Amino acid sequence: MRVSNDGRTIYISDEYGPYVYGFDRETGVRSKVFTLPATFAAANLSAVGDEEISANTSGRLANKGMKGLALTPDGKTLVGAMQSPLIQDGGKDAAVTRIITIDIQSGATKQYAYQLDNLGSKDDPKYGSISEIQAINNHQFLVDERDGKGVGGRFKSEAEKALQDRY
């Protein structure tokens with residue numbers, strides 16, 4: 001969620017579309033709907049993740065849509081980060097996810113590839129994911145990337161080693 005520079009609009013990304021909306025901050029009424037490329041959406045939706053994944057050949061993975069949303073300091077561009085790679089990009093086994101820019105005035109979008117760094121190895125896989133994106137300036141961003149397990153491999157290994165040494 002981001003607030004426009006004039007404070008009148010709140011922008012929200014919703015990972016299940018994925019969608020990006022603008023809401024009037026005073027009334028709460030939805031004031032903008034940004035159209036994202038159809039290739040981001042899952043065609044067959046299901047409340048059961050495994051069913052949704054198996055029924056789709058493109059779009060976002062179940063529960064892994066647009067997770068982060070930034071607003072450039074000039075207030076002209078929203079920048080959305082997909083949590084994980086799209087199905088057609090290799091899904092959970094891929095090393096690249098997508099970042100999209102949205103011109104707030106026109107709604108025009110551009111896509112960029114983002115190389116995930118925290119992928120682990122075949123023996124200790126980590127499913128690269130983005131949790132958040134923040135604009136540093138109008139063309140540089142800080143991206144919060146995680147392993148998708150909730151625990152870094154190094155810490156897990158140290159904890160397991162400590163338990164093994166104790167017993």
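Colleague: Which strands each supply at least two residues of the lining of the largest pocket?

Modeller: β6 (77-82), β7 (96-103) and β8 (109-115) do. The model is a predicted one. The space in this pocket is about 260 Å³, and 15 residues line the pocket, with Thr77, Val79, Thr101, Lys110 and Tyr112 closest to its centre.

Colleague: How do the residues of the lining divide into nonpolar, polar and charged?

Modeller: Eight are nonpolar, five polar and two charged.

Colleague: Where is Ser4, and why does Ser4 count as buried?

Modeller: Ser4 sits in the loop between β1 (2-3) and β2 (9-14). Its relative accessibility is 11%, and buried means under 20%, so Ser4 counts as buried.

Colleague: Which residues is Ser4 in contact with, leaving aside neighbours within four places in sequence?

Modeller: Thr9, Tyr11 and Leu71. Contact here means heavy atoms within 4.5 Å.

Colleague: How many residues apart in sequence are Asp6 and Gly75, and what is the C-alpha to C-alpha figure?

Modeller: They are 69 residues apart in sequence, and 8.6 Å apart in space from C-alpha to C-alpha.

Terms used
Residues numbered from 1 in each chain as written. Predicted model: local features only at pLDDT ≥ 70, side-chain atom pairs only at ≥ 80, totals over all residues. Heavy atoms only, no water. 1 Å grid on protein atoms, 1.4 Å probe; cavity = no way out; pocket = protein on both sides within 12 Å on 5 of 7 lines; lining within 4 Å. Points joined across faces, edges and corners; volume = space filled by probe spheres on them. Helix = DSSP H or I, 4+ residues; strand = E, 2+ residues; numbered from the N terminus. Nonpolar A, V, L, I, M, F, W, Y, C, P; charged D, E, K, R; others polar. Buried < 20%, exposed > 50% of the residue type's maximum accessible area, 1.4 Å probe, protein only.
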